[in-house]
Amino acid sequence: MDSGDKAVDSTQPAALVRPAGILVVDDTPANLRLLTGMLKEHGYRVRPVPSGRLALQAVQTELPDLILLDITMPEMSGYEVCEQLKAEPASRDIPVLFISALDETIDKIKAFAVGGLDYITKPFQFEEVEARVQTHLRLRQLQVELEQKNRQLQASYDQLRELETLRDNLTSMVVHDMRSPLMGIMGYLEILEMDAGPKLNPTELALLSDARGVALVLAGMVNSLLDVSRLEQGQMPLHLAPADLDALIAAGLGSLGALTQQVSLHHLQHSPALRVTCDADLVTRVVANLVGNAIKFTPEGGRVTVAAESCEQGVKIRVVDTGGGIPREYHQKIFEKFGQVEARQQRTMYSTGLGLTFCKLAVEAQGGRIGVESEVGKGSTFWFTLPG
C-alpha cells in the first residue's frame with residue numbers, strides 16, 4: 001500500500017480534534033513494532049503495549065478510539081481483557097478488533113461472544129488491517145453522532161414537555177379565573193331577561209336571548225377546557241353506577257334543545273333495554289357532544305341517527321349522520337387536543353376544538369374506545385364502546 005495514501009482525513013471521527021488513537025496490544029515485539037509503524041505512517045496516534053494488564057492501565061489513562069487486541073498472551077488473555085473492558089461503562093463502547101494466529105471457528109465465536117467487533121487472522125495483510133480499522137472507526141463515529149442527536153432530541157423533547165406543561169397550567173388558571181365572572185354575566189342576563197323582558201320589543205328580547213345563548217356556549221367551552229385538563233391528569237372523579245343506556249342517550253339529546261330541530265333526528269331504542277355500568281353524566285355529555293357535532297356538519301334537513309347495541313366489548317353507541325364526510329387521513333387528528341382538520345376542496349372545518357378530545361378522554365377513562373368511520377360525500381359514523 002502506498003505510504004503516501006494517508007488515512008487521517010477519511011477515517012477520523014469528525015468530533016475528534018486529533019487523529020484517531022489506537023491501542024495495539026500484542027506480546028510479540030515484532031508484531032507490535034510492525035503494526036505500530038504502519039499505523040503511524042497512515043496518520044494514527046498509536047500506543048503499543050505488550051500485555052493485557054498494561055492495556056487496561058493504558059485505557060484508564062486515556063480512552064483510545066479503537067483497540068487491536070491479541071488473544072494468546074501470558075498472565076491475561078485477550079478474551080479476559082475484552083471482558084473487563086466491556087464491563088466498565090467508560091470503555092465498553094470502544095471497538096475491539098481481535099488479531100490472532102488462532103484460526104479455529106470456536107476461537108472466533110468466543111471473540112465475538114466477549115464483545116469483539118471483528119477478527120483478523122495472523123499472518124495479516126496490513127491493507128486488510130487498515131480497511132477494517134477505517135470501517136470500525138467510521139461506524140464508531142456514526143454511533144457517537146447518533147448518540148449526540150438522540151441526546152439533543154431527548155433534551156428538546158423534555159423542554160417541549162416542560163413548555164407544554166407550563167402552557168396547560170397557565171391555560172387552566174386563566175380558564176378557572178374566567179369561570180366566576182362568566183357565571184355572573186349569565187346570571188345578570190337571566191335577571192335582566194326576567195325583569196326587563198316585558199318592556200322589550202321582540203327584536204330587543206331576541207338580542208338578549210342570543211346574548212344568553214352565546215354566554216352559555218362560552219361557559220360550555222370553559223367547562224370543556226377544565227374537564228379535559230382534569231381527565232388528562234387523571235383527576236376527574238368517576239361515579240360508576242348501573243344505568244339505562246337509552247335513558248342516557250335521551251338525556252344527551254334533550255340537552256341540545258332547539259339545535260336538534262335543524263335535522264331529522266332519530267333515536268333507535270334497543271329492546272330489551274341495555275344497561276351498562278358507567279358515569280352517567282360523562283356518557284350523557286359524550287352523546288350530546290357527538291350528536292351536536294354531527295348536527296353541525298350535516299346540511300339542514302339531513303338525518304342524524306343514534307343507536308346502541310351489544311358488542312364483544314360490552315355496548316356500542318353509534319351516531320350516524322348524512323353530512324359531507326371526513327377524509328380518512330384525518331380520522332385520528334380530529335380527536336387531538338385543539339386539532340382542526342380542513343378539507344381543501346370543501347373548505348370545511350371538521351372540529352369542535354375540545355369536544356371530541358373530551359369525548360375520547362371521557363370514554364377511555366371508563367375503559368372504552370372511540371373512533372370514526374367516514375368517507376367524503378358519504379357521511380360519518382362516530383362510535384364509542386363501554387365495558388359491559
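This is a predicted model: local features need pLDDT of at least 70, side-chain atom pairs count only at pLDDT 80 or more; totals for chains, interfaces and linings use all residues.
Biologist: Is glutamate 75 buried or exposed?
Modeller: Glutamate 75 is exposed, with a relative accessible area of 70%; buried means under 20% relative accessible area, exposed over 50%, and partly exposed in between, using a 1.4 Å probe and protein chains only.

Biologist: What about phi of glutamate 75?
Modeller: Phi of glutamate 75 is near 70 degrees, which is a positive value in a residue other than glycine. Most residues other than glycine have a negative phi, and most peptide bonds are trans.

Biologist: Speaking of peptide bonds, which residues does a cis bond join?
Modeller: Lysine 122 and proline 123 are joined by a cis peptide bond with omega of about -5 degrees, and proline 123 sits in the loop between strand 5 (118–121) and helix 6. The bond from serine 271 to proline 272 is cis as well, with omega near 0 degrees, and proline 272 belongs to the loop between strand 7 (264–268) and strand 8 (275–279).

Biologist: Changing topic, how do helix 3 and helix 4 pack?
Modeller: Helix 3 (residues 52–61) and helix 4 (residues 78–87) pack at an angle of about 20 degrees, with their axes 9 Å apart; axes are lines fitted to C-alpha atoms, for helices over the stretch in contact, and angles run from 0 to 180 degrees between N-to-C directions. That angle makes helix 3 roughly parallel to helix 4, since angles under 35 degrees count as roughly parallel, over 145 as roughly antiparallel, 65 to 115 as roughly perpendicular and the rest as oblique.

Biologist: Which residues make that contact?
Modeller: Gly52, Leu56 and Val59 of helix 3 meet Val81, Gln84 and Leu85 of helix 4, where contact means heavy atoms within 4.5 Å. The residues of this contact divide into four nonpolar, two polar and no charged, with Ala, Val, Leu, Ile, Met, Phe, Trp, Tyr, Cys and Pro counted as nonpolar, Asp, Glu, Lys and Arg as charged, and the others, Gly among them, as polar.

Biologist: And how do the axes of helix 7 and helix 10 cross?
Modeller: The axes of helix 7 and helix 10 (residues 355–365) come within 10 Å and cross at roughly 40 degrees, and the two helices are therefore oblique to each other. On the helix 7 side the contact is made by Asp227, Val228, Leu231 and Glu232, and on the helix 10 side by Thr357, Phe358, Leu361, Ala362 and Ala365. These residues divide into six nonpolar, one polar and two charged.

Biologist: One more, what does threonine 36 touch?
Modeller: Threonine 36, which has its place in helix 2 (residues 29–41), touches Val46 and Pro48, not counting residues up to four places away in sequence. Threonine 36 is buried, with a relative accessible area of 9%.

Conventions. Residues are numbered from 1 along each chain as its sequence is written. Side-chain values use heavy atoms; hydrogens and water are left out. Helices (H or I, at least four residues) and strands (E, at least two) are DSSP runs, numbered from the N terminus.
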